[in-house]
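This report is meant for someone meeting the structure for the first time. Please look at the sequence and the model below before reading on.

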Amino acid sequence: MADNGMVKDKDILLEVKGLKKYFPITGGMMRKVVGYVKAVDDVNFFVREGETLGLVGESGCGKTTAGRAVLRLYEPTDGEVRFKSRALSKSGKPEWVSLRELNKEQLKTVYQDISMIFQDPIGSLNPRMTVYDIITEPLLIHNKIGPSTEEHVIQLLQRVGLRPEHIRRYPHEFSGGQRQRIGIARSLALNPQLIICDEPVSALDVSVQAQTLNLLNDLKEDFNLAYIFVAHDLSVVQHISDRVAVMYVGRIAEMAESIDLYSHPLHPYTEALMSSVPRPNPRLKKQRIIMEGDVADPGNPPPGCLFHPRCRYVQDRCKTEVPELREIKPDHYAACHFAGELDLKGVEMG
Amino acid sequence: MTDAVAIPMEEKKKDAVKISQSYWSLVWWKFKRNRLAVVAAFILAGYYITCLIFPEFFAPYSKGLESDYIEARPTYPHFVDAAGSFSLRPFVYGLDEEIDVATRSRKFVVNESVKYPLYFFVEGEPYKLLGLIPAKTHFFGTDPANPDAKVFLLGTDRLGRDQFSRILFGGRISLFIGLFSVAVFLFVGVTLGAASGYYGGATDIVVMRITELLSAFPQEPLFLALGAAVPVSWPSTRVFFMVTILLALIQWGGLARQVRGLVLSGREEQYVLAARSFGASDRRIIFNHLIPATMSHVIVIATLKIPGMILLETALSFLGLGLVPPTVSWGTLLQNANTVRSISAAPWYLFVTPFILFAILAYNLLGDGLRDAMDPYSK
Amino acid sequence: MSEITDDVLVSIRNLRIRFDVRDGIVNAVDGANFTIRRGKTLGVIGESGCGKSMTAKAIMNMVPKPGVMTGEVTLYKRHVENGSQVVEEIRIDQLDKDGEEIRNIRGGVITMIFQEPMSSLTPVFTAGLHIMEAVKLHRFLPIESIGDTMTRNIQKKREVSPEEAREIAIDMLQKVGLPNAAQRVDSYPHQLSGGQRQRVMIAIALSTHPELLIADEPTTALDVSIEAQILDLMRELQETVDMAILFITHNMGVIAEMADEMVVMYMGKEVEEGSVVDIFENPKHPYTRLLLASIPEIGEKKRELATIKGMTPSPFNLPTGCVFHPRCPDFMPGKCDVVKPLLATVAKNQNARCLMYDPCWPNTAEAQAVKAKA
């Protein structure tokens with residue numbers, strides 16, 4: 001498990017290489033596999049320590065699946081996930097492990113370092129458990145219940161903006177935003193290094209969304225956390241992320257530092273996506289780039305570049321050849337044959 | 001402006017009530033509002049106390065005590081005697097045997113000149129309370145010093161045994177069969193259903209095919225065949241357990257399917273995914289998350305299933321295929337009433353039916369009440 | 001915005017909808033006053049539970065039980081009689097909820113599209129059948145005028161024949177940009193993608209030539225790229241068919257792009273109304289101001305988002321005075337928690353429901369200070 005030179009940057013916490021998750025499509029009487037939905041297909045990204053990586057894309061682009069496949073909640077079909085784990089190392093110094101090679105026990109130990117926050121603030125908390133039971137469940141699983149547990153839980157509750165007396169209540173007594181805070185407190189219980197946030201604010205009202213985003217940002221600094229922030233809302237992702245990866249039909253289309261990506265996109269999909277976002281400025285009568293048609297079906301993807309049927313810069317080459325994710329500029333990756341050659345418009349950063 | 005002051009007070013009060021209302025306290029709160037279901041629950045509690053736990057105490061006689069009063073008519077308690085004088089202590093009249101000259105059958109008629117007062121907590125036949133504590137006190141009875149004094153609230157049978165006592169003892173078996181077979185039914189159904197839903201794959205296919213096979217059999221003939229297959233030579237206790245287990249084993253399929261469905265949808269719940277993301281084991285997920293989520297459904301199904309089991313036992317025993325005398329159950333008691341002759345001669349054999357009826361009705365009402373109370377999405 | 005002029009299509013006055021439920025009384029809408037103008041888009045914005053969808057239902061007289069609606073909802077329906085245009089005034093709130101007249105208005109004069117295009121389409125009907133159904137019920141074609149010169153202006157109308165209905169359906173699907181409309185007319189909802197279904201919904205809604213289209217979060221369930229398509233489509237269609245749109249959403253960006261005028265709602269009350277440009281550039285009510293500041297905006301790097309402290313109160317236990325006062329940064333103790341503010345004019349064509357602007361309060365020192373801060 002030694003460093004084999006794949007990692008260029010010593011700050012890197014998690015590195016995903018060639019991650020694939022195919023779901024079989026069965027058909028006929030005998031439930032024979034007739035094809036695969038390539039939910040995640042050859043995805044590469046990395047997360048640095050204490051950094052937020054936004055994973056953004058439209059529904060069905062595989063962003064949620066990718067997040068779950070990293071943790072092996074969905075067993076990946078192929079690929080490598082390397083993580084610098086604190087919990088699994090005996091020396092106390094973080095050590096590189098390959099998540100896909102771990103056995104059940106080791107994986108469970110690594111789960112102390114990586115936790116998740118879920119989209120649905122109602123569904124992600126068991127309605128039959130009290131707040132105390134919910135937040136201590138991870139501790140219970142990892143045999144970390146002690147005499148100071150209750151105090152620890154109260155501290156967590158206060159840290160996420162809830163009151164100590166909430167500890168004995170049940171989820172249904174809270175509003176959506178408060179429930180999401182309970183979920184956040186739970187994800188912090190084991191003191192992780194990385195939190196995978198799966199659309200954590202998309203079910204919340206605007207005012208509560210802002211509170212939650214601010215909370216996540218504060219926690220990141222306090223606990224030196226890294227986030228993988230999975231979301232479909234480009235403005236939310238821009239706000240919270242240090243770097244952003246744009247996904248399209250199971251693949252990464254573009255990955256770069258947030259400001260760089262938004263102001264100088266290198267992939268036509270990123271450009272079109274950003275121009276599609278309705279902007280809260282009534283005087284801004286900008287020219288929208290309308291992407292014709294629908295998102296490609298991951299069960300029956302088009303040949304060549306997946307985006308070519310909707311791309312306004314399409315060339316013959318795009319229809320046959322799948323573009324690789326390449327580093328076009330330092331720390332700016334794009335999967336387009338003509339990345340860097342096209343004159344794409346970004347958003348002016350205010 | 002007084003309103004402005006009053007409202008925060010109100011708010012406080014409401015808040016205090018709201019604190020930590022668990023799911024079950026909400027269920028209880030809702031259940032209490034359903035009067036019919038609460039009454040049903042009390043009736044059932046009465047049944048279980050008198051029939052299942054303490055029939056020896058509540059019955060004036062033991063189930064096997066024979067007397068000379070063969071198929072004697074019920075002796076009802078009175079407060080006012082034939083002369084019109086009132087006594088606070090209830091009494092029963094004595095019975096005289098008469099032979100009908102035409103039919104040459106024997107018959108009992110009420111003799112209003114003999115009065116046997118009834119007493120509460122009288123000494124009677126010795127028995128063991130709960131099978132352990134020796135006792136002699138019965139809830140009610142006639143003067144133990146007078147051996148002629150008898151009370152047959154619901155008449156007697158062909159061997160002169162007191163119907164009322166036998167119905168209470170019969171209830172013990174019938175009600176117990178309901179509980180026990182439903183317990184077996186729940187165990188098998190929930191375990192197999194949960195396993196089938198959680199693991200899927202081969203487990204799922206095997207379990208589901210078995211349930212389909214079971215549901216494809218016509219149930220009644222299957223019972224008849226299985227009931228007939230129980231060897232006659234077996235002791236009654238073994239027959240009893242055999243019958244209960246049979247009842248459960250044939251019926252678990254429906255429950256397993258429902259639990260499987262609930263587990264399948266529960267498996268997709270985000271809180272299950274959350275638990276997995278913290279490294280929870282399969283066992284923990286099944287027992288701490290998935291099965292509790294099915295519990296409200298399962299309890300309702302069980303409550304509605306118990307009367308079905310009781311009726312099934314009764315029907316089987318009535319047909320002579322379940323329990324057989326000398327085991328006393330509501331079904332075997334009903335066997336007495338299986339001919340027109342016996343009903344016309346001793347209509348009190350039918351007194352067992354209201355007991356069955358009310359138990360079944362109470363269970364159904366209770367089940368309905370629970371179902372309404374446990375549905376978290378209704379109102 | 002209260003004077004009734006020619007261009008008013010629907011006017012809502014003192015609309016209140018209350019629900020008497022077990023836990024208490026909820027005023028889902030509490031005194032709404034606004035006007036929908038012909039050919040214009042009015043946006044209604046607010047967080048969940050603010051009563052925006054209920055207002056839309058009130059316009060269709062479709063308030064679900066046990067809701068009770070009071071106030072006035074007036075529709076100024078235009079139609080041609082004897083060659084000249086007549087405006088008929090219909091009090092929607094006074095119509096029988098299940099009567100013939102309101103059914104002719106629903107789906108005819110006023111149509112609606114919803115957030116969830118899948119559940120609003122019947123799965124066993126094809127796209128075409130949905131449209132044909134609406135057309136048969138609500139669209140009538142003129143027959144040749146009857147020969148007599150004395151009655152030359154009388155035109156009789158007849159129902160649409162099935163063949164014509166099908167033609168209209170295909171035509172409508174083409175208009176909403178469904179590719180291969182002639183074939184797609186026979187597709188079932190599950191054969192269409194989310195965006196295509198929403199296009200079909202719009203085709204149904206437009207097929208009867210409505211004067212008002214109520215769009216209740218029509219793009220919330222859609223992806224950004226599809227949302228852009230649908231918003232563009234709605235704008236294009238509005239230009240060609242001259243209808244008003246009541247656009248209900250929680251998304252500030254969508255309202256900025258779509259609406260001419262807007263109403264901001266909070267806990268059943270409209271807290272601010274005015275033209276979209278005015279409100280976005282010069283929000284007067286503290287709630288509107290915070291709402292605008294709390295959204296992360298693409299192209300703008302904010303270190304910290306403004307937040308509205310606390311959470312929306314329980315509808316059973318509304319705060320006294322101004323419903324927003326417990327969360328308001330400009331809270332004036334002794335005033336805001338006591339006096340219920342009225343909608344006050346704050347600028348030309350801009351009203352806000354805040355005591356700062358209430359003519360009875362503006363001269364106090366606190367109000368001046370707060371105003372200066374704003």
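The model is predicted, so local features are given only at pLDDT of at least 70 and side-chain atom pairs only at pLDDT 80 or more, while totals for chains, interfaces and linings use all residues. Residues are numbered from 1 along each chain as its sequence is written, chains are lettered from A and ligands numbered from 1 in the order in which they are written, and side-chain values use heavy atoms, with hydrogens and water left out.

**Chain C as a whole**

Chain C has 11 helices and 14 strands. Helices (H or I, at least four residues) and strands (E, at least two) are DSSP runs, numbered from the N terminus. Of the 374 residues in chain C, 53% are buried; buried means under 20% relative accessible area, exposed over 50%, and partly exposed in between (1.4 Å probe, protein chains only). The accessible surface of chain C is about 16400 Å², and 51% of that belongs to carbon and sulfur atoms. Such areas come from the Shrake-Rupley method with a 1.4 Å probe, and for residues only the protein chains shown count as cover. Taking contacts in chain C between residues at least 6 apart in sequence, 61% join residues at least 24 apart, where contact means heavy atoms within 4.5 Å.

**Two interfaces**

The size of an interface is often given as the accessible area lost when the parts come together. Here buried area is the accessible area (1.4 Å probe) that two parts lose on being put together, summed over both. A salt bridge is a side-chain nitrogen of Lys or Arg within 4 Å of a carboxyl oxygen of Asp or Glu. A polar contact is a pair of N or O atoms within 3.5 Å; within protein, one must be able to donate a hydrogen and the other to accept it, and residues adjacent in sequence count only if both atoms are side-chain atoms.

| Interface | Buried area | Share on carbon and sulfur atoms |
|---|---|---|
| Chain C and chain A | about 3900 Å² | 54% |
| Chain A and chain B | about 2300 Å² | 56% |

Between chain C and chain A, 44 residues of chain C are in contact with 49 residues of chain A. V224(C), I298(C) and K301(C) supply 18% of the area that chain C buries against chain A, more than any other three residues. There is one salt bridge between these chains. E281(C) forms a salt bridge with R283(A), and their closest N and O atoms are 2.5 Å apart. Polar contacts between chain C and chain A number 15 residue pairs, both residues being at pLDDT 80 or more.

On the side of chain C that touches chain A, the elements giving two or more residues are α7 (224-241), α8 (252-258), α9 (276-281) and α10 (286-294) of chain C. Of these, α7(C) gives the most, with nine residues. By class, this side of chain C has 18 nonpolar, 11 polar and 15 charged residues. In this scheme Ala, Val, Leu, Ile, Met, Phe, Trp, Tyr, Cys and Pro count as nonpolar, Asp, Glu, Lys and Arg as charged, and the others, Gly among them, as polar.

The contact of chain A and chain B takes 30 residues from chain A and 22 residues from chain B. One salt bridge is found across this interface. E137(A) forms a salt bridge with R284(B), with the closest N and O atoms 3.1 Å apart. Eight residue pairs of chain A and chain B are in polar contact, both at pLDDT 80 or more. At least two residues each on the side of chain A that touches chain B come from β6 (114-117), α3 (131-141) and α5 (176-188) of chain A. The largest share, four residues, comes from α3(A). This side of chain A has 13 nonpolar, eight polar and nine charged residues.

**Local features of chain C**

Most residues other than glycine have a negative phi, and most peptide bonds are trans. A cis peptide bond joins K65(C) and P66(C), with omega about 0°. P66(C) lies in the loop between α1 (52-59) and β4 (67-81) of chain C.

N14(C), which is not a glycine, has a positive phi of about 50°. N14(C) is in strand β1 (residues 8-21) of chain C and is partly exposed, with a relative accessible area of 44%. M267(C) is not a glycine and has a positive phi of about 50°. M267(C) sits in the loop between β11 (261-266) and β12 (269-275) of chain C and is buried, at 8% relative accessible area.

R197(C) is in helix α6 (residues 194-206) of chain C and counts as buried, at 14% relative accessibility. A polar atom of the side chain of R197(C) lies 2.9 Å from the backbone oxygen of L192(C).
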